[in-house]
Amino acid sequence: MENVKLRFIRLKYNGGDWDQDMGKGADYNMLLQINKMFGFPIAPNTEAIPITALKRFPKHRAPPFVFITGSGNINVTAEEVRILRWYCTEECGMLFADNGGGHFDSSFRSLVRRIFPDLEWIDIPNDDIIYQQPFLFPDGAPPLWSHSGRRALGIKWNGRWVIFYHQGELNDAWKTGHAGVGEQKAAQAYKLGINVINYAFNQYMAAHFGD
């Protein structure tokens, strides 16, 4: 990890506004918070890649997480579904999903059924490690706007969260001005993002470089 800059990568997909509130003044604020709190070097911008690009990274060098949000439909091909399953299971990455409103919830759940037809959504328990490091969330994820529910959900594969789904528009709280929520809630939203990213990085490093 020496001399590596932390990147925030979104997934591009057909059919919806995958780039909702992307970039400076929005999800880039998440990177700025990580730099401010921990001093990690960060990329100069957020990025976006198509799903097929996940296969183009060198072996064991794919992003530990990719972010997906929007408010429209998500249309992906069968090949893209296979790549997402490969990324989550074999490459040990995580889909960090955020409900931006509109049709996102139903469309994302449909996508996840295609990726993991044999797995069920899990209400992430309040005592899960993802809510404990580096910040403590004794009541689980703060709900914020609660578009489709007040609880964060996940998909687990071989004991590891491969999907973290916040149903209340974290990205809006990350925006400059925080879309109207107070500073305290915005601070919680940043901290939750840090916890999810921390979990994804730790799991990825353990899978590929652990003893």
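Let's start with D27. This residue is buried, with a relative accessible area of 0%. Keep in mind that we are looking at a predicted model. D27 sits in the loop between strand 1 (9-12) and helix 1.

What does the side chain of D27 make a polar contact with? The partner is the side chain of R10, at 2.8 Å. Beyond its sequence neighbours up to four places away, D27 touches F8, R10, D21, M22, T46, N171 and W174.

W174 takes us to the core. The largest nonpolar core has 35 residues. Those touching the most other members are M94, F96, I130, Y131, F164 and W174. Several elements give two or more residues to this core: helix 1 (28-38), strand 3 (65-68), strand 4 (94-98), strand 7 (160-166), helix 4 (170-174) and helix 5 (183-209). Which of them gives the largest share? Helix 5 does, with ten residues.

Look at F96 next. Setting aside residues up to four places away in sequence, F96 touches F65, V66, F67, I68, F164, L170, W174, G193, V196 and I197. There is also a second, separate core, of 34 residues. Among its members are A62, A97, L111 and L153.

Now the helix packing. Two packed helices are described by the angle between their axes and the distance between the axes. For helix 1 and helix 5, the angle is about 80° and the axes are 10 Å apart. An angle of 65 to 115 degrees counts as roughly perpendicular, and helix 1 and helix 5 are therefore roughly perpendicular to each other.

Who makes the contact? From helix 1, N29, M30, Q33, I34, M37 and F38. From helix 5, Y190, K191, G193, I194 and I197. By class, this contact of helix 1 with helix 5 has seven nonpolar residues, three polar and one charged.

Next, H178. This histidine lies in the loop between helix 4 and helix 5. Is H178 buried or exposed? At 9% relative accessibility, H178 counts as buried, because the cut-off for buried is under 20%. A polar atom of the H178 side chain lies 2.8 Å from the backbone oxygen of A173. Leaving out neighbours within four places in sequence, H178 is in contact with W145, D172, A173, E183, A186 and Y190. Y190 also belongs to the helix 5 side of the contact with helix 1. As for A189, H178 is eleven residues away from it in sequence, and 9.7 Å away in space, C-alpha to C-alpha.

Last topic: backbone geometry. Most residues other than glycine have a negative phi, and most peptide bonds are trans. Here are some exceptions.

Where is the cis peptide bond? It runs from Q133 to P134, with omega near -5°. P134 is in the loop between strand 5 (122-123) and strand 6 (153-157).

Then H60. H60 is not a glycine, yet its phi is positive, about 65°. H60 is in the loop between strand 2 (47-50) and strand 3. With a relative accessible area of 27%, H60 is partly exposed.

And E169. This glutamate has a positive phi too, about 60°, and is not a glycine. E169 is placed in the loop between strand 7 and helix 4. At 8% relative accessibility, E169 counts as buried, whereas H60 is partly exposed.

That's the tour. Questions are welcome.

Terms used:
Residues numbered from 1 in each chain as written. Predicted model: local features only at pLDDT ≥ 70, side-chain atom pairs only at ≥ 80, totals over all residues. Heavy atoms only, no water. Core = buried A, V, L, I, M, F, W, Y, C linked by side-chain atoms within 4.5 Å. Buried < 20%, exposed > 50% of the residue type's maximum accessible area, 1.4 Å probe, protein only. Helix = DSSP H or I, 4+ residues; strand = E, 2+ residues; numbered from the N terminus. Contact = heavy atoms within 4.5 Å. Axes fitted to C-alpha atoms, helices over the stretch in contact; angles between N-to-C directions. Parallel < 35°, antiparallel > 145°, perpendicular 65-115°, else oblique. Nonpolar A, V, L, I, M, F, W, Y, C, P; charged D, E, K, R; others polar. Polar contact = N/O pair within 3.5 Å; in protein donor to acceptor, adjacent residues only side chain to side chain.
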